There are 2 protein chains.
Amino acid sequence: MKKIALLLVGLLCASSLVWADVYQTQRQEWLKKAEAATPQLHETIIRPVSLVKSVADPNAYQDWRMENIPGLDAFYKTPLKRGDSYILDFGKHITGYYTFTLSTLERAQDAPVRIKFTFAEMPVELNTPFDPYPGGLGRAWLQDEIITLPYIDKPVTIERRLACRYVKIEVLGDSPGFQFAMSDTYFTALSSAPEVQIELAETTPAIIRDINRVSIETLRECMQTVYEDGPKRDQRLWIGDLYLESIANAQSFKQFDLTKRCLYLLAALAAEDGQLHANVFEKPTPHPQYGTICQDYSLLYNVALLEYLKSTGDKETALDLWPVVVNQIKLAANYIDETHLYNPQKKTPLWLFFDWRAGLNTYAPMQGLFVFALNKSYELAQLLGKEDEAKEWPALAKQIKKAARKQLYDQKKGYFVSGPDKQVSYMSQIWMILGSVISPAEGQKALKQVMAMPDAVYPGTPYAYHYLVEAMIQCEMKAEARQLLIDYWGGMVKKGADTFWEAYDPKDDFLSPYNFAPINSYCHAWSCTPIYFIQRYPEIFQK
Amino acid sequence: MKKIALLLVGLLCASSLVWADVYQTQRQEWLKKAEAATPQLHETIIRPVSLVKSVADPNAYQDWRMENIPGLDAFYKTPLKRGDSYILDFGKHITGYYTFTLSTLERAQDAPVRIKFTFAEMPVELNTPFDPYPGGLGRAWLQDEIITLPYIDKPVTIERRLACRYVKIEVLGDSPGFQFAMSDTYFTALSSAPEVQIELAETTPAIIRDINRVSIETLRECMQTVYEDGPKRDQRLWIGDLYLESIANAQSFKQFDLTKRCLYLLAALAAEDGQLHANVFEKPTPHPQYGTICQDYSLLYNVALLEYLKSTGDKETALDLWPVVVNQIKLAANYIDETHLYNPQKKTPLWLFFDWRAGLNTYAPMQGLFVFALNKSYELAQLLGKEDEAKEWPALAKQIKKAARKQLYDQKKGYFVSGPDKQVSYMSQIWMILGSVISPAEGQKALKQVMAMPDAVYPGTPYAYHYLVEAMIQCEMKAEARQLLIDYWGGMVKKGADTFWEAYDPKDDFLSPYNFAPINSYCHAWSCTPIYFIQRYPEIFQK
């Protein structure tokens, strides 16, 4: 007991000093380095491929599907009158700016024109009334815009950046005095991902090829001037998404400047005690979402930096950001109590995310993730020759592992439980496996048992499923990992996904972390990792 | 019979030749002269003076009044949340651009903000649902704008030029993640009218002083880079409004360049046969409302040019535009039939406006107006030394007058009737008086009789009432003219008008030419003429 207490005190003092130092000197330098690493955005002009109509269909995902209808060429010359409504299909998910031109057909414009545009990633966004809005996030994320134009006959670009595949046009205001049509309409699509050819073994089955394709599209759309979590919403850099995007990028686009930029941005915008903010904004000037600290995300930053170093060999950046790594370990260690458990009540409780799944207890998952982070951070220390600054970490990891096995692991049943109600969840097993708290054989047993329990808390997002696949691979459950990828991400593909979704529960089409499916992001970074698995483990997925 | 036929043929040939000539050579020159005469727009920053609320009140005009409420200073610091609604009173009618700044109060913006603004000249616009829209003009004239802002903390100016006194703010989208307030809001008000001090005799009663003030405000607001008919709607140059605005301007702001610009614009944008279009647009490039020809307006152009010359002595412009005058006479003469009546069926029927009053028969009014225009146009010819080109006009006027007295005047009853149903209207008497078809004594009798008839068609707009006041003055009904000004325009003042309205019927608060009172213009050029009467006839109105 005394040993661990001293160990923690030692950690605290050492890293406090480090941070106090860098905080004064490095922040502005880091912002400059983030700025310098900003990748170029590639622009592509994309025009509609068809008119479509919404068709109610109980067999379709979320009860709606789109059906092509003829007439796109005629549409460009068709007079638009109040009450008219059209849906344009751009054929793919697009992130960018929308431009349209209304042109006078007959006589002269004698009144402003008023058009409502609704931009939709998914049919559900065009077939669910937005108001009264029941959702838990800002209503204005929904992409409906009403535009009044006193003067037409010139291209108009909507100022807000949008993300969608479909554009619904509703004419709200015309005039009996003249006729006009939408003579042109297009998106200027944006991404910082370069063009890339991903090779797959000939043996790769069609469904995995499809998953691979949708995965790449998802990542491409989220790669802007940061790794965004979702181009529709929230359009910002979250640590959790960054980690997964960056490892997927390393297996595909290899746009490492973007990773570097994001690592620097997060470091520069840390809180005063050096704790990383869970997410940051680029505009109008870089700033964090004040007060949003997520301890599991903070620790994953360290892993993202390790993976960046391993992919690029860029020791300079890794050494520059090393104090941030040290500090995240220190700050998390504050929450380790005398029984060596991560105890959220020990200090001001921080948000522990792990998954959007109502009721998930995150104590055991956090115990496992902290060990995972300690192991990975120590690996980084070794690569950088910084073992002296990290010398306490292996011992700390060992103690936390031991406490987990002793207090959270039901030896007889062979799985972990979490929290006062001893909740059984996938996430607890997953993170104990990834933290090597249990052996692959034990992990396999734990996973198989829990996955067979109908009441076990199962993942609600591709973010959580990513770690399940990773845990399976670590437990030598290769066939199961492959099948899960096919069932879960392939399930989205079969349901028509152009890009992978923020939330997906095969049993609940309308699952929403925000109480309103249309506000879900349907192109979400943390869902893009099939490309990582398929490329990193070809022996599992490319056959 | 033969004589008139020859006379008309003569008119036709002479003026056709003139027009064919100018059409080829002058049009571009006239556009350049219009451009050169564009007045500067003066900008004034105007901020709200109070928060107000709408109060239902059956005694108020259109059943609503505004009541001041405290809290404007606090408003600028009050967090805005979804569902919040405020009405700002800017204290006066404003034409211009609206700017607002939303500022972060706490944490950082983590979602777009969505605000609905409704800009209202009158309380009715804030208290009548706009949709489903029942009106007969373009829905988009209504001034409601929904703005989505991905980034706040900077001033935002709505692109559309607006006209209003009140701004209603409804918060449609916020975020639980941060707080914001509207820290600033203002209009950049525009007018090409210079500052001017209008002197009134000390004897002028309060009500006429008020009418004078509201009249000046109305004219000021409509004076932009053309004489607009209404700054809310239609925001363009109509000949009928130009005529009244220019004579009111001559008695007040004396911004004669604006008159010159408008006269040139209309001339340059005439139809191929030289017929003036009833209205023209400045943007994106000057062009007419194709196909909108209004014969009474075409002829009033001639009178406007005469008055411009008399006010300014600018013979150069009047001579330059003289062919236009000749042509309007020629084109109207085409409609004089063998009985010397204006017969709309003689050629393609043209729109005869005169007033917004459902069912008004315009045949007799047109007969009178044509004589009025012939007389005034001949006066112009004399001032320009162009009697030779106009030598047929006095005889033509005489014949038309004679025909009117013979065929439209009920000698026994002492008033004029119009059309196949022998409609009795104010407008018929008014225009026969203004055309001097009858003597002042006869005119007085006609007016008094008709005004005593409950079923006589009475005016629906200040435009028509203007000519009634003018006709009364011409008939030596000075006390009646004064009382009418006090009753009619003063009625609007008493009902709270900041500026005079497009349509006003003391018996019908909701009279609308477009079937929807909120789309009426409540600052309308043709209603601005009290300033003209008060200054031109001080002996009647300034005592």
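Gln62(A) is placed in the loop that runs between strand 2 (50–56) and strand 3 (64–69) of chain A. Although Gln62(A) is not a glycine, its phi is positive, at about 55°. The model is a predicted one.

**Cis peptide bonds**

- In chain A, the peptide bond from Asp131(A) to Pro132(A) is cis, and its omega is near -5°.
- Pro132(A) has its place in the loop between strand 5 and strand 6 of chain A.
- In chain B, Asp131(B) and Pro132(B) are joined by a cis peptide bond with an omega of about -5°.
- Pro132(B) is found in the loop between strand 5 (113–120) and strand 6 (144–149) of chain B.

**Interface of chain A and chain B**

- Contact between the chains involves 37 residues of chain A and 37 residues of chain B.
- Between them, chain A and chain B bury about 3100 Å², and 54% of this lies on carbon and sulfur atoms.
- On the side of chain A, the residues that lose the most area to chain B are Arg107(A), Arg114(A) and Tyr151(A), which together account for 17% of what that side buries.
- Two salt bridges are found across the interface of chain A and chain B.
- A salt bridge joins the side chains of Asp144(A) and Arg114(B), with an N to O distance of 3.0 Å.
- Polar contact across the interface of chain A and chain B is found for 14 residue pairs, with both residues at pLDDT 80 or more.
- Strand 5 (113–120), strand 6 (144–149), strand 8 (162–173) and strand 12 (287–288) of chain A are the elements that each give two or more residues to the side of chain A that touches chain B.
- Strand 6 of chain A provides the largest share of that side, with four residues.
- By residue class, the side of chain A that touches chain B divides into 15 nonpolar, 11 polar and 11 charged residues.

**Helix 12 and helix 13 of chain A**

- The axes of helix 12 (residues 440–451) and helix 13 (residues 462–474) of chain A come within 9 Å and cross at roughly 135°.
- Helix 12 of chain A is therefore oblique to helix 13 of chain A.
- Pro440(A), Leu447(A) and Met451(A) of helix 12 meet Leu468(A), Ala471(A), Met472(A) and Gln474(A) of helix 13 in chain A.
- The residues of this contact divide into six nonpolar, one polar and no charged.

**Salt bridges**

- Over all chains, the structure holds 59 salt bridges.
- Side chains of opposite charge can pair when their charged atoms come close.
- The side chains of Lys92(A) and Glu217(A) form a salt bridge, with an N to O distance of 3.5 Å.
- Lys92(A) lies in strand 4 (residues 85–106) of chain A and Glu217(A) in helix 4 (residues 206–222) of chain A, so this pair ties together parts that are 125 residues apart in sequence.

Definitions and conventions. Residues are numbered from 1 along each chain as its sequence is written. Chains are lettered from A and ligands numbered from 1 in the order in which they are written. This is a predicted model: local features need pLDDT of at least 70, side-chain atom pairs count only at pLDDT 80 or more; totals for chains, interfaces and linings use all residues. Side-chain values use heavy atoms; hydrogens and water are left out. Contact means heavy atoms within 4.5 Å. Buried area is the accessible area (1.4 Å probe) that two parts lose on being put together, summed over both. A salt bridge is a side-chain nitrogen of Lys or Arg within 4 Å of a carboxyl oxygen of Asp or Glu. A polar contact is a pair of N or O atoms within 3.5 Å; within protein, one must be able to donate a hydrogen and the other to accept it, and residues adjacent in sequence count only if both atoms are side-chain atoms. Ala, Val, Leu, Ile, Met, Phe, Trp, Tyr, Cys and Pro count as nonpolar, Asp, Glu, Lys and Arg as charged, and the others, Gly among them, as polar. Axes are lines fitted to C-alpha atoms, for helices over the stretch in contact, and angles run from 0 to 180 degrees between N-to-C directions. Angles under 35 degrees count as roughly parallel, over 145 as roughly antiparallel, 65 to 115 as roughly perpendicular and the rest as oblique.
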